[in-house]
Amino acid sequence: MQRYNILWADDEIELLKPHILFLDKKGYDITPVTSGAEAIDAVEQSNFDVIFLDENMPGMTGLETLTHLKTMRPSVPVVMITKSEEEHIMEEAIASKIADYLIKPINPNQILLSVKKILDNKRLISERTTLGYQQEFQKISMAVNDYLDYNEWSDLYKKLVYWDLEIGSTGENQMAEVLAMQKSEANTNFAKYVIENYQDWLHGSSDERPLLSFEIMKKKVFPEIKSNRPLFFIVIDNLRFDQWRAIQPIIMDYFNIEKEEPYYSILPTTTAYARNAIFSGMMPLEMERMYPKLWVGEDVEEGKNNYEDQFLDSHLKRMRMNIKHSYTKIKNISQGKSLADNINNLMKNDLNVIVYNFVDMLSHARTEMEVIRELAPDESAYRSLTRSWFRHSPLLDILQKISEKNSKVIITTDHGTVRVKKPFRIIGDRNTNTNLRFKIGKNLGFEEDKVFVCRKPEDLMLPRINVSSTYVFAVEDLFFAYPNNYNHYVKYYSDTFQHGGLSIEEMVIPIISLNSK
């Protein structure tokens, strides 16, 4: 067992010998000193794992000593111990980033708990997380192979996300591999479930299907529009459930979560289809038929989401909603800063729609830039990168300013992404689209039993490019690769985050209602 070194500075250190002996028996080596100056000298000469510091010492006070120690060893945790319960002392100590704060008289177990919380925290959490997941493993395995409905699949996915975050924070690679296998099995059965039911969802009763992309505004946004309180509807492109969980604690500093629920992205799970469906309130086939000038097909080089504001306008008109509203799309940091500066002007509107594109750009950058792959080699690091971006982004500034105005906010996304690992050979002509997770074309060549195939696009409410158009969706962690450039595709795209196909990560996504604190 590892023995930790503790420095204990207290002018009454002789009275603390019973505590020191107790800690010694528990496996901790204590270096006692009687003043702040001695503590500084000790830290200059030796390394310590934690420092106990009495606040009320003659000469240099505990707070003054703390300032010196933090300058010398900023990463060493310090526990402040004091007889005083004065609030300003506590606040000063906490502001100086102490690890714990104890008030005399203290007992040995109180000290031991503080030490364990600081020094053994990671090990104890790791052991508890591993044990917890081991206990849940069988339940999850049984659920994965059961006949689940769409609500149960959403609940199962949230449970997998929970364990993904818990295990990811411990660095337990062995448990992470077991969880990855379980997620893979879940995706296999989820794909079977969606293939069997997706067409019925589109043509059946809305009571017998999950909430889908084209229903989001009608069912979740429009009912929240109040004449005396502006509503902000923020769509963060390409935000998975686990990425939402990563940024959630930051948002909760400013907002209370009124409701968090999952909904299902339509197929294909791409911005062109799913996000246009959100703003138009229609499936792609309906968009093409009713608004041919706004719908941009796969056979056209033009950007697929250039008319979201017009789709939103037409949706509001169809719903006979005569409201003041705005639409803003953020593609870069300068646009984000400009919107943050302009928030006050948006408060006069009933509805403000904001599309924020960064997470989608992050996933593409990870594919194309080696340095981003190095920064985010796995799921946990990818979440961490998302969290770091969000903490320093104009989007957080925007949310902070909205929270000060006591406004309502709804945050969602258009689709998620899946980490692809297995290439799947497909043959298509030069007119076939380039997306790695779905293909639309004629005379496509592939193994039919391993993908989701739709030869009648109307069945899935999707437009045709020509008479013989076929849609093919990758499932699980597959990505499409052409035989004539197969090795390039495998090397370049394997282990990247892609979207457009059928997986639980791409389809089951969050929508969150927030109220200002």
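1. Glutamate 136 is a buried residue of this predicted model, with a relative accessible area of 16%. Its side chain meets that of lysine 159 in a salt bridge, with a distance of 3.7 Å from N to O. The two partners belong to separate helices: glutamate 136 sits in helix H6 (residues 121-144), and lysine 159 in helix H7 (residues 150-170). The bridge thus links distant parts of the chain, 23 residues apart. Lysine 159 is partly exposed, at a relative accessible area of 35%, whereas glutamate 136 is buried.

2. A second salt bridge joins the side chains of aspartate 10 and lysine 104, at 2.9 Å from N to O. Here the partners lie in loops: aspartate 10 in the one between strand S1 (4-9) and helix H1 (17-25), and lysine 104 in the one between strand S5 (100-103) and helix H5 (108-119). They are 94 residues apart, and their pairing links distant parts of the chain. Aspartate 10 counts as buried because its relative accessibility is 1%, under the cut-off of 20%. Lysine 104 is also buried, with a value of 18%.

3. The side chain of glutamate 505 does make a polar contact of 2.8 Å with the side chain of asparagine 187. Apart from neighbours within four places in sequence, glutamate 505 is in contact with Tyr157, Lys183, Asn187, Arg240, Gly416, Thr417 and Val418.

4. Arginine 437 is placed in the loop between strand S12 (422-425) and strand S13 (438-441). Its relative accessibility is 0%, so it counts as buried. A polar atom of its side chain lies 3.1 Å from the backbone oxygen of glutamate 476.

5. Lysine 220 belongs to helix H9 (residues 216-221) and counts as partly exposed, at 21% relative accessibility. Its side chain is joined to that of glutamate 261 by a polar contact of 2.9 Å. Not counting residues up to four places away in sequence, lysine 220 touches Leu211, Glu215, Lys259, Glu261, Ile410 and Ile511. How far apart in sequence are lysine 220 and isoleucine 511? They are separated by 291 residues, although their C-alpha atoms are 8.7 Å apart in space.

6. Helix H20 (residues 486-493) shows how a helix can have two faces. Its buried residues are Tyr486, Tyr489 and Tyr493. They lie on the same side of H20, because they cover an arc of only 70° around the axis. The face of H20 turned away from the buried side carries the exposed residues Asn487 and Lys491. Just after H20, aspartate 495 takes a positive phi of about 70°.

7. Some overall values complete the picture. The protein chain contains 21 helices and 18 strands, and its C-alpha atoms fill a box of roughly 90 × 50 × 40 Å along the principal axes. Of its 517 residues, 54% count as buried. Among contacts between residues at least 6 apart in sequence, 74% join residues at least 24 apart. The accessible surface comes to about 24,200 Å², and 48% of that area belongs to carbon and sulfur atoms.

Note on methods. Residues numbered from 1 in each chain as written. Predicted model: local features only at pLDDT ≥ 70, side-chain atom pairs only at ≥ 80, totals over all residues. Heavy atoms only, no water. Salt bridge = Lys/Arg side-chain N within 4 Å of Asp/Glu carboxyl O. Helix = DSSP H or I, 4+ residues; strand = E, 2+ residues; numbered from the N terminus. Buried < 20%, exposed > 50% of the residue type's maximum accessible area, 1.4 Å probe, protein only. Arc of directions from axis to C-beta. Polar contact = N/O pair within 3.5 Å; in protein donor to acceptor, adjacent residues only side chain to side chain. Contact = heavy atoms within 4.5 Å. Areas by Shrake-Rupley, 256 points an atom, 1.4 Å probe, with all protein chains shown as cover.
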